[in-house]
Amino acid sequence: MPVSRRTLTAAFTFCLALSLSGCGSGGDGGGSTDASGKVEGDITFQTWNLRANFKPYFEGLIADFEKKYPGTHVKWVDQPAEGYADKISADAAGGTLPDVVNVSPDLVAPLAKAGLALDLDKAAPQYRKEYLAGAWASHRIPGMSGTYAFPWYLNTGPLFYNKSLFKEAGLDAEKPPKTYDELFTQALELAKKSDGKVATLANVPTIEDFGRYGVELMNKQGTAFAFNDAKGVELLTKYKELYDAKALDPQALTATPESSGKKFLTGAVAMNPGSALDLGNFKKQAPSLYKNIGITDQITSTGHVNMYVMGVMVNAQTKKTPAAVAFAHYVTDAAHQMSFAKQVAIFPSTAGSLDDPYFTKEDGTDETRVRVAAAKSLKTAVNYTPVLFSEQMKTALRNEVAKALQGKQSPEEALDNAVKACDTLLQQQG
């Protein structure tokens, strides 16, 4: 299930496919932007790898919608996680994009630019107040006016740490690092005490890490990247120190969230980001780790944690705009987000929902503790990954970071090269 979206599939292919298709806001055959008509007709709803675990939930939701609006019929299709961006790209180019589509902000951007995502600020502005301001804003595109998807579920999570590894290194397991300075200091100490056998972190810094560190990622106009500033260089320099001391796992250059998770499970890594979903996994796969699990907040210099956002977009070319908008809103309204959140460890994007006792009252369990803490932090959380930061840009940044960590170029040179590459890709997006 696509919860954290740390491993979003490539979105940059959209731009090429859409430009080749000739479709866009100026194309003919478009649907109406008027959502005020009668809710009726057949529409198609596409989700992202949700059928396997949540078939009864979605079948019930669709049945209730069709009962509420006689004369409607919703066809549900679900696509696998791998290749999802390519599938949407192909559908967009071929004119077969579903009426209502499960998206993330970076997947919306090229579709909005091509005129294929309905602007909800124009078509359905009455719903805006129902959602958290930050969530509603997450599907806005720099350089464009409008909001191009209903916010759906959110996620964030704490840092997990292995108390036994901290104790063995002579560190206070009840006082995990709260700041970046403490994190880097303790990581070096842990590596030294274990003779380089135990790393503290397993992943190289990503764009969201630069954001959490307080680096300005883009200029105010959204026309160029800026993460090669002094603060960005400072962060990468710190990571270079960790890498040289084996406080950053030697395999971090090629790590995936899955491989990093396995390292944490086996005790090779002392800290790893996660969510409430992971606690059940620890309990099942690594009981000894679960007994020694420590839970602490995301480390941030900004006071705002990172959040991941899912959305539900309406195809601007749909022939059934009233039905498509009504259904997208139905999926993401407060009642249905709340019911979905109780089936899986995600969080609703609707205003007031995070004040529900389910998200505010602890019962002594770690699962609830994580849920309550995450819900509180989400009220002011930020989606640090820029909407225009494509998967190709993520790869460019990762490649330059790897060169810096290996000593092939300085951190400053690496980030200058990464910004240059990302700016070029940004210009190609048009």
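**Legends for the predicted chain**

**View 1. Contacts across the chain.** Of the contacts (heavy atoms within 4.5 Å) between residues at least 6 apart in sequence, 77% join residues at least 24 apart. This is a predicted model: local features need pLDDT of at least 70, side-chain atom pairs count only at pLDDT 80 or more, and totals for chains, interfaces and linings use all residues. Residues are numbered from 1 along each chain as its sequence is written, and side-chain values use heavy atoms, with hydrogens and water left out.

**View 2. The whole fold.** The chain has 19 helices and nine strands; these are DSSP runs, helices being H or I of at least four residues and strands E of at least two, numbered from the N terminus. The radius of gyration is 22 Å, close to the 22 Å from the globule rule for 430 residues, so the chain is as compact as a globular protein of that length. That radius is taken over C-alpha atoms, and the rule is 2.2 Å times the number of residues to the power 0.38. Along the principal axes, the C-alpha atoms fill a box of roughly 70 × 50 × 30 Å.

**View 3. The largest nonpolar core.** A nonpolar core is a set of buried Ala, Val, Leu, Ile, Met, Phe, Trp, Tyr and Cys residues joined through side-chain atoms within 4.5 Å. Buried means under 20% relative accessible area, exposed over 50%, and partly exposed in between, with a 1.4 Å probe and protein chains only. The largest core holds 128 residues, and Phe227 and Phe327 touch the most other members. Helix H14 (residues 321-332) gives the most to this core: eight residues. A separate core has twelve residues, including Leu265, Ala276, Ala286 and Tyr290.

**View 4. Around Phe227.** Which residues does Phe227 touch, not counting those up to four places away in sequence? Among them are Ile207, Val215, Leu217, Phe389, Leu397 and Leu415. Glu216, Gly232 and Cys422 are also on the list.

**View 5. Asp195, a positive phi.** Most residues other than glycine have a negative phi. Asp195 has a phi near 55 degrees, a positive value. Asp195 sits in the loop between helix H8 (180-193) and helix H9 (207-212). Buried or exposed is Asp195? Asp195 is exposed, with a relative accessible area of 64%.

**View 6. Lys246, another loop.** Lys246 is not a glycine, yet its phi is positive, about 65 degrees. The loop holding Lys246 runs between helix H10 (230-244) and helix H11 (257-265). Lys246 counts as partly exposed, at 43% relative accessibility.
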